[in-house]
Structure formats: structure tokens, C-alpha cells
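Please read them with the sequence and the structure open beside you.

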Amino acid sequence: LIKDLRFKLHNIDRLVARDPLLVLQLKRRRSRYVAVYHKLKLMATVHQTQPTIQLLLTTSDFVGALDLIATTQEVLNQELAGVQSFRHLGSQLIEMERLIEKVTEADFVKITKSYLGQPTASEELECDEEDKIVSAGFGF
């Protein structure tokens, strides 16, 4: 009789308490795995920003490069704060931003000087020069 009661209590304990707790544990573990997966995916994306910025700079897309730098800095400060493998990336991004500003400023000065150096002031800008000035201006 006591063996039978112990067996029934064991079965009730397993069905009522242990199995639901196991389900909750597995659900919590799965959510942590998903969070780690998303964090790793974000880290991989941030890891690819420097080559992407270099590509944008080679195509003279300074606005896109500055936007990518700002977005990456925001992600580093909010989502990936404390990740040791990215501890120097913030300063590298700031340096790239300064470089872009210098290049954009130099382009703007060069284009402005070439425009002001034209013989007649009444002539309109050619499309290429106008695009260059607008592009340089947006970089500021």
C-alpha cells in the first residue's frame, strides 16, 4: 500500500510539477539562445562596417559613409557596450569620420576655387561641377 502511494505521488509529482518546470526551463533557454544569436548576428554586421565604409569612400559616397559611421557608433554604444572585441572600433570610426570631413572640406575648397577662378562670373556651373559642389556640401 505504501509502495503504491509512493508510486502514485511520484507520478503526480512528475506530471504536475517536474514536466511543466522542464518546459519553462527549455523555453527560457531557447529565448537566451535566440538573444545570443541576434547579438552575434549584430556583431557580425558591425564587424563588416569598416570594409563597407572603405568601399563607400572609394566611390566618393561620403554621406553614406558618414551615415554608416553614425549608425555603427550608435549600435556600439547601445547594443554592444562592453564587448571587448569592439573596444577600439569607436575610436577608429571617429578617426574615419575626421578623415572624411577633411577630404570633403578639401574637395569643397578645390571645387569652389576652380569655380571662382573661371573667366566670367555669369556662366552657369556645368552639371558635373554642380554635382560635386552639392555632394561636398552635403558632406558637411
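1. Overall pattern. Read along the sequence, the protein follows the pattern α-α-α-α-α, and it holds five helices and zero strands; helices (H or I, at least four residues) and strands (E, at least two) are DSSP runs, numbered from the N terminus. Buried residues make up 16% of the 140 residues, where buried means under 20% relative accessible area, exposed over 50% and partly exposed in between, with a 1.4 Å probe and protein chains only. Among contacts between residues at least 6 apart in sequence, 61% join residues at least 24 apart, a contact being heavy atoms within 4.5 Å.

2. Basis of the values. This is a predicted model, in which local features need pLDDT of at least 70 and side-chain atom pairs count only at pLDDT 80 or more, whereas totals for chains, interfaces and linings use all residues. Residues are numbered from 1 along each chain as its sequence is written, and side-chain values use heavy atoms, with hydrogens and water left out.

3. H2 against H3. Two packed helices are described by the angle between their axes and the distance between the axes. Helix H2 (residues 49-58) packs on helix H3 (residues 62-78) at an angle of about 160 degrees, with the axes 8 Å apart; the axes are lines fitted to C-alpha atoms, for helices over the stretch in contact, and angles run from 0 to 180 degrees between N-to-C directions. That makes H2 roughly antiparallel to H3, since angles under 35 degrees count as roughly parallel, over 145 as roughly antiparallel, 65 to 115 as roughly perpendicular and the rest as oblique. The crossing of H2 and H3 is left-handed, a term used if the near helix is turned anticlockwise from the far one by less than a right angle, with right-handed used if clockwise.

4. Residues between H2 and H3. On the H2 side the contact is made by Thr49, Thr52, Ile53, Leu56 and Leu57, which meet Phe62, Gly64, Ala65, Leu68, Ile69 and Thr72 of H3. The residues of this contact of H2 with H3 divide into seven nonpolar, four polar and no charged, where Ala, Val, Leu, Ile, Met, Phe, Trp, Tyr, Cys and Pro count as nonpolar, Asp, Glu, Lys and Arg as charged, and the others, Gly among them, as polar.

5. The loop between H2 and H3. Most residues other than glycine have a negative phi. Ser60, which is placed in the loop between H2 and H3, has a positive phi of about 60 degrees although it is not a glycine. Ser60 counts as partly exposed, at 44% relative accessibility.

6. H1 against H2. The axes of H1 and H2 come within 5 Å and cross at roughly 35 degrees. Thr45, Val46 and His47 of H1 make the contact with Thr49, Gln50 and Pro51 of H2, and the residues of this contact of H1 with H2 divide into two nonpolar, four polar and no charged.

7. Val46 and Thr72. Val46, found in helix H1, is buried because its relative accessible area is 5%. Leaving aside neighbours within four places in sequence, Val46 is in contact with Thr72, Val75, Leu76, Leu80, Phe86 and Leu89. Val46 and Val75 are 29 residues apart in sequence, and 8.2 Å apart in space, C-alpha to C-alpha.

8. Salt bridges. Side chains of opposite charge can pair when their charged atoms come close. The structure holds four salt bridges, each defined as a side-chain nitrogen of Lys or Arg within 4 Å of a carboxyl oxygen of Asp or Glu. One of them joins Lys8 to Asp4, with the closest N and O atoms 3.7 Å apart; both residues lie in helix H1 (residues 2-47), four residues apart, which is about one turn of the helix. Lys8 is partly exposed at 46% relative accessibility, and Asp4 is partly exposed at 39%.

9. Further pairs. Arg18 forms a salt bridge with Asp13, the closest N and O atoms being 3.2 Å apart; Arg18 counts as partly exposed at 48% relative accessibility, as does Asp13 at 31%. The side chains of Glu95 and Arg98 also meet in a salt bridge, at 3.7 Å from N to O, and these residues are separated by about one helical turn because they are three residues apart in helix H4 (residues 89-116).
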